[in-house]
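Please keep the sequence and the model at hand while reading.

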Amino acid sequence: RSVGRRRCHLFSTLVMGSSQPTPEEEDQKKNARDNWSKDSSSAEEPEDIAKWERMYYNRGASNNPLNNDSPPSSPASSSSISQIKVITFDLDNTLWKTSPVISFANDALASHLASQNLTHPDGLRVEQIMNDLFRTNRDTYTPSTSTGGPVQLTRLRKDALRIIYTHNNRPPTTSLTRAVDESFTVWTRARHEAIPRHLATNVTSTLDRIRALRSWPEGAAVIVGAVTDGNSDPRVVDLFAQVFDFVVNAEGVGVAKPHRRVYWRAWEEVQR
């Protein structure tokens, strides 16, 4: 419950609508509109941004299930009936606790490098090199700051690994890019392995209940997605493999939340 209320995205409301908005919801929508109005529009975005606002407030349309007073009295299955069609979640520090997950992955990567006698001349670990790189080359790793670009975490970590390999005159037999990619994979696997051990409260029960929902009147499963500024993919975690239908990473879009392009990408995923 705390998970769903805390960071279940406004995207769900924009797609489907909800009951009469509370003052708090009105304030959230106003803030969202104010933020979005500052973003520059792009050629590839649909022109009619305001249609989502009209969808939210228009409860008179004949094809809007909110127009009816109640769902069918005899649903086709024992699953719960919902007027929500799409639900999206943030990931880091929402579904799981980020710090212990990242720490586990960092330690796994450090052990992997140590097993190959790969060390930095100053004894720095990969995450420390990343911090130095970001401080001295901020524009390189946030190239789209004018449009709210995300930190390029994947590139940052791989560049730090490349420094370690270069200092050690490695690799002797394989390409540098392949060696860096293999070490990066060690880190990502460890991160995803640690996630089930550091879940937030009520995550599994909440997701199970959402997965049991059926949208009304179609009776289709509610679509569940992740929209994150990070670079994780919950679909590779066994616990979440059958839960998430799509994942949108800000790195792949080129801008960070709450830029509208992130949510347009989510909408495109829903349409597939």
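Predicted model: local features only at pLDDT ≥ 70, side-chain atom pairs only at ≥ 80, totals over all residues.

Arginine 135 forms a salt bridge with aspartate 132, and the closest N and O atoms of the pair are 2.4 Å apart. Aspartate 132 counts as partly exposed, at 31% relative accessibility.

## Overall composition

The protein contains 12 helices and five strands. It has 272 residues, of which 40% count as buried.

Among contacts with a separation of 6 or more, 69% are between residues 24 or more positions apart.

## Strand 4 and its partners

Which strands does strand 4 pair with in parallel? One is strand 2, which is joined to strand 4 by four bridges and runs parallel to it. Another is strand 5, also parallel to strand 4 and also joined to it by four bridges.

Individual bridges can be named on both sides. Isoleucine 87 has valine 224, in strand 4, as its bridge partner. Alanine 226 is partnered by valine 247 in strand 5. As for solvent cover, five of the six residues of strand 4 are buried, and the strand is described as mostly covered.

The loop between strand 4 (223–228) and strand 5 (246–249) holds aspartate 233. Its side chain makes a polar contact of 3.0 Å with the side chain of arginine 235.

Once neighbours within four places in sequence are set aside, aspartate 233 is in contact with His192 and Val247. Val247 is also the residue named above as the bridge partner of alanine 226.

## Salt bridges elsewhere

The count of salt bridges comes to 13. One of them is formed by the side chains of lysine 257 and aspartate 90, with an N to O distance of 3.2 Å. Why does this pair tie together parts that are 167 residues apart in sequence? Lysine 257 sits in the loop between helix 11 (250–253) and helix 12 (260–271), whereas aspartate 90 sits in the loop between strand 2 (86–89) and helix 5 (98–115), so the link spans that separation. Aspartate 90 has a relative accessibility of 10%, which is under 20%, so this residue counts as buried.

Glutamate 193 and arginine 197 form another salt bridge, with their closest N and O atoms 4.0 Å apart. Glutamate 193 is partly exposed, with a relative accessible area of 47%. Arginine 197 also counts as partly exposed, at 47% relative accessibility. Separately, a network of salt bridges links Asp107, Arg125 and Glu127.

Definitions and conventions: Residues numbered from 1 in each chain as written. Heavy atoms only, no water. Helix = DSSP H or I, 4+ residues; strand = E, 2+ residues; numbered from the N terminus. Polar contact = N/O pair within 3.5 Å; in protein donor to acceptor, adjacent residues only side chain to side chain. Contact = heavy atoms within 4.5 Å. Buried < 20%, exposed > 50% of the residue type's maximum accessible area, 1.4 Å probe, protein only. Pairing = 2+ DSSP bridges.
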